[in-house]
Amino acid sequence: MNYKIFNSILQRLPWILIVFIGIVYIFCTYCIIPLGDDLGFINSFRSQNDCWYALPRAIYRHWIWNNARFADILGFWEKPIWLKAVCNGAMVALFFYLCVKASHMSKPKSSFPATILIFLLVTVMRWDAIWMEYMTFYNYIWSSAFILLAVNVITSRAKKSNVLLDILLVPFSFIAGAMHEACGFPAALGMATMCVTTPLYKNSPTLRRLSVIALICGGIYTLTSPASFHRVGTMMQPENPLIMTLDSALFPIVLIICIPLLYIYKKDLFFSLIHSKWIFFATASIISLAFMYLSRFGGRTGWFAQMYALIALFILLSKSDLKINRKATVIMSIVIGIVLMFHLSAMAVYQFRLNMETGEVISLYKNAEDGIVFYDYTQDTELPWYLMHKNHGVPDDDDTYYRYRMKIHYSNGKQLAILPTAFYPIPDSIPEPVIHKGYILSEKLIWDTYGDTIVDQFPRTFSRINGEEYVVNDFQYKNRKLYLLSKVDRDRGEK
């Protein structure tokens, strides 16, 4: 291959990867059957959509009983699957693009660090806790993209005047700040700090100043819901703080360590960063970190702190004189590109497969008079490691919340039991427990049990057999009460 063509491809590799990511997530989103909160929000609004003011009333009710997140409101509307897929894929791609742009890595000479940033965003961020649900995409990916877009427009064009853009930016900035409390409130404090340490607000036209105020107000709005405060401390199994930090807050900790080192050894750089957009991301990251520790659970609770910190660290990297051997950057870029494309392609293939399984299980469940389904679905523990726990299909037996939503919304409250096909047909008498792979079918519960509930509304019963944990579920079959035990899969970031 001609060297110039090869070099041109490498310079454009970040943008090639971003486009590829967008295409993959369009396909993956198309392969998402509503489960969990997706079912809850759609059916909740459907049940109260009985008048012209149904939407504002639903928003008010949501504010009273759930939270003040504007991201949740996006789940009220039923949209064609193709439209949801295209919009979500585009928003995921926009998220990556804006992270690169905010990090000062969008120029051709910065293609290698931009590629590294994309690699970290794909592999280190807690996508495993996003759970392939529309609602989690809205709450974390869309919220991230909205706030980054608002900040980018506010800061990069502060001295230019475009009346239409400025008018539209005001409500958008409020919505961006109000999407999620762990994103918007830290952004509000970050924006307020930036207005103090930089001439942003002073040099902005009136409408642009209103956008700044709107973003701050949106962030503050997320803390006005009484329900949000009632949820604090309700997690019944708080995660170990050290594990939570290493798993979900590594970049903010690195940033916190860098700040005093910068002050001691690079004072000029430190003060130049304080008086730039960097202060927004550094402040927002540290404040968002507090939300994760307040929740006492890692996973997606640290998403925004990680995102803000990564951008702040890469801005810092862009200011350094770090030089890497050209040959090494070429080799690393090629390896990263191949690894990411393989990972993302595999993720799309498996999501298609899992989506097919989920659809078949739901169809069988709807048609089963007793709610019993015989199906060998792919459990989370059976998925390859290189998918990084990002894919999800049929909820496992210990995913009590997701099974509850299936029971309520797909079969009018009929019990749900998914048994392996090896248990078909169920004999009239089971004198001894029947064992197949990670499942046990029994007429009697002969093992000691204990509670293992994360959220009190959805209790779980566990048992330990031969040193392994099993979740215990009972179901009715021909007027008999039977017990199905299956091995527990403690999902990362599960809550």
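Helices (H or I, at least four residues) and strands (E, at least two) are DSSP runs here, numbered from the N terminus. The model is predicted, and local features need pLDDT of at least 70, side-chain atom pairs count only at pLDDT 80 or more, and totals for chains, interfaces and linings use all residues. Residues are numbered from 1 along each chain as its sequence is written, and side-chain values use heavy atoms, with hydrogens and water left out.

Contact means heavy atoms within 4.5 Å. With neighbours within four places in sequence left aside, F119 is in contact with I336, V339 and L340. F119 also illustrates how the chain folds back: F119 and S333 are 214 residues apart in sequence, and their C-alpha atoms are 10.0 Å apart in space.

Helix 7 (residues 111-123) also meets helix 18 (residues 303-319), their axes coming within 12 Å and crossing at roughly 165°. The axes are lines fitted to C-alpha atoms, for helices over the stretch in contact, and angles run from 0 to 180 degrees between N-to-C directions. Angles under 35 degrees count as roughly parallel, over 145 as roughly antiparallel, 65 to 115 as roughly perpendicular, and the rest as oblique. Helix 7 is therefore roughly antiparallel to helix 18. Helix 7 passes helix 18 in a right-handed crossing. On the helix 7 side, P113, I116, L117, L120 and L121 make the contact, and they meet L310, F314 and L317 of helix 18.

Helix 8 contributes I147, A150, V151, V153 and I154 to the contact, while helix 12 contributes R208, S211, V212 and L215. S211 sits in helix 12 (residues 206-221) and is buried, with a relative accessible area of 0%. Apart from neighbours within four places in sequence, S211 is in contact with I154, D166, L169, V170 and S173.

The interior can be described through nonpolar cores, each a set of buried Ala, Val, Leu, Ile, Met, Phe, Trp, Tyr and Cys residues joined through side-chain atoms within 4.5 Å. The largest nonpolar core has 98 residues, and F95, F96, W127, F137, M307 and Y308 have the most contacts inside it. Helix 8 (residues 134-156) gives the most to this core, with 15 residues. When residues up to four places away in sequence are not counted, F137 touches Y25, I32, N88, V92, W127, I130, M132 and W142. A second, separate core of 28 residues includes Y410, L416, I418 and L419.

Next come the cysteines. A disulfide is a covalent bond between the sulfur atoms of two cysteines. In this model, a disulfide is a pair of cysteine sulfur atoms within 2.5 Å, and the count comes to zero. For C31, the closest cysteine sulfur is that of C28, 6.7 Å away and so too far for a bond. C183 is likewise in no disulfide, with the nearest cysteine sulfur, that of C99, 11 Å away. C31 is buried, with a relative accessible area of 4%, and C183 is buried, with a relative accessible area of 0%.

Some backbone details complete the picture. Most residues other than glycine have a negative phi, and most peptide bonds are trans. The peptide bond from Y424 to P425, however, is cis, with omega near -5°. P425 is placed in the loop between strand 2 (417-419) and strand 3 (434-436). K437 has a positive phi, near 50°, and lies in the loop between strand 3 and strand 4 (439-442). K437 is exposed, with a relative accessible area of 70%. N466 also has a positive phi, near 50°, in the loop between strand 6 (461-465) and strand 7 (468-477). N466 counts as exposed, at 78% relative accessibility.

Methods:
Buried < 20%, exposed > 50% of the residue type's maximum accessible area, 1.4 Å probe, protein only. Left-handed = near helix turned anticlockwise from the far one by under 90°.
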